[in-house]
Amino acid sequence: MNGFGGFLLRRSVGAAVTLLAISVIVYVVFYATPGNVAQITCGPRCSPEQVHQVTRQLKLDDPLYLRYWHFLQGIVVGQDYSTGTSVQHCSAPCLGLSYQSDQQVMQIILTKLPVSLSLVLGAMVLWLVLGVGTGVLSAWRRGRFTERLLTALTLAGWATPVFVIGLVLMIVVCGELQLLPFPQYVNLTDDPEQWAWNLLLPWLSLALIEAAAFARLTRSSMLETLAEDHIRTFRACGVAERTIVGRHALRGALAPVIALNANNVGSAIGGAVLTETLFGLPGIGQELVHAVNVVDLPVVVGMVLVIGFFVVLANAVADVLYAVADRRVVLT
């Protein structure tokens, strides 16, 4: 197939193969590591008989490849799990049951995911506006005081840890000035206004760090694009500088920005652990840390796969947006 439809088909197949490879690597890494998973799950005071019962219940005595095959079957068609006294059906896509709570991993993820998505997507809007705007202004005012000031602020933002920015914002904005309440997550469907007000500081904390990277990348891309022949032709024809920068140069400089944003959105869903912990947001990052601490392997594997899914999805969307932002990109 040729054209845009063929590109989408090839990209979808590539994404599926990538996710399958991620699942194999993650499953092998966590389940082939040394250590008695049944003993850890049951607890240090369990007798050998109880450990054997847990091993049989969780099917930990099956070969690794067979357990992985059952795991894939659960994702596609669902699976039945024995909880000791009864049998629980886990509907597809099933990522297993938690060792600690016997809850379905997908239910745990769906409970935590809206919090992380609210944090990351809101911060994404801010870091794109602040980062791209700062980068464009720096390139436009190259060699002037404005550029030096923005460069210094960008480097300061890049070098400051997110928890430092978050603490300063909470102390100043919430404590001293009392402009905003201390963040407490509110569901979007319950109260959209309170949802936004309570997430504003976490958005700013995460966005200020990411905006620094986007500002530096946008500036370098803009300077490269402004030096190209077609830009000099526009200037020779008398096109206004604002039109050149805003309509022609910015569009050509957006391709690397789109790539960086795709990577950041996907990884930030699972990587915003510090922000979620600092502001007490019950998201994917916090739950993943808890699952690692208690060695709840199904939850760890499931969350890593979901994070990988968002990374792959974000990059696939970025590939499509390349052609929209830059007509020089050829779909292959």
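Reader: Which strand is the place of Q79?
Author: A note to start: this is a predicted model, in which local features need pLDDT of at least 70, side-chain atom pairs count only at pLDDT 80 or more, and totals for chains, interfaces and linings use all residues. Residues are numbered from 1 along each chain as its sequence is written, and side-chain values use heavy atoms, with hydrogens and water left out. Helices (H or I, at least four residues) and strands (E, at least two) are DSSP runs, numbered from the N terminus. The run of residues 79–82 holds Q79, and its name is β1.

Reader: Is Q79 buried or exposed?
Author: Relative accessible area decides this: under 20% is buried, over 50% is exposed, and in between is partly exposed (1.4 Å probe, protein chains only). For Q79 the value is 14%, so this residue is buried.

Reader: Which backbone oxygen lies 2.9 Å from the side chain of Q79?
Author: Let's begin with contacts, meaning heavy atoms within 4.5 Å. Setting aside neighbours within four places in sequence, Q79 has contacts that include F71, G74, Q88 and H89. There is also a polar contact (N or O atoms within 3.5 Å; within protein, one must be able to donate a hydrogen and the other to accept it, and residues adjacent in sequence count only if both atoms are side-chain atoms). In that pair, a polar atom of the Q79 side chain meets the backbone oxygen of H70.

Reader: How many disulfides are found in the whole structure?
Author: A disulfide is a pair of cysteine sulfur atoms within 2.5 Å. C90 and C94 are joined in this way, with 2.1 Å from S to S, and both of these cysteines are buried. Searching the whole structure gives a count of one.

Reader: Why is the disulfide of C90 and C94 called right-handed?
Author: Look at the torsion about the S-S bond. The disulfide is right-handed because that torsion is about 110°.

Reader: At what distance does the side chain of S98 reach the backbone nitrogen of S101?
Author: You will find S98 in the loop between β2 (87–90) and α5, and at 3% relative accessibility S98 counts as buried. Not counting residues up to four places away in sequence, S98 touches Q103, V105, I108, D296 and V299. The side chain of S98 reaches the backbone nitrogen of S101 at 3.3 Å.

Reader: Is the peptide bond from A92 to P93 cis or trans?
Author: Most peptide bonds are trans. P93 lies in the loop between β2 and α5. From A92 to P93, omega is near -5°, and the bond is cis.

Reader: What is phi of Q178 near?
Author: Q178 sits in the loop between α7 (162–176) and α8 (192–226), and its 63% relative accessibility means that it counts as exposed. Most residues other than glycine have a negative phi. Q178 is not a glycine, yet its phi is positive, near 55°.
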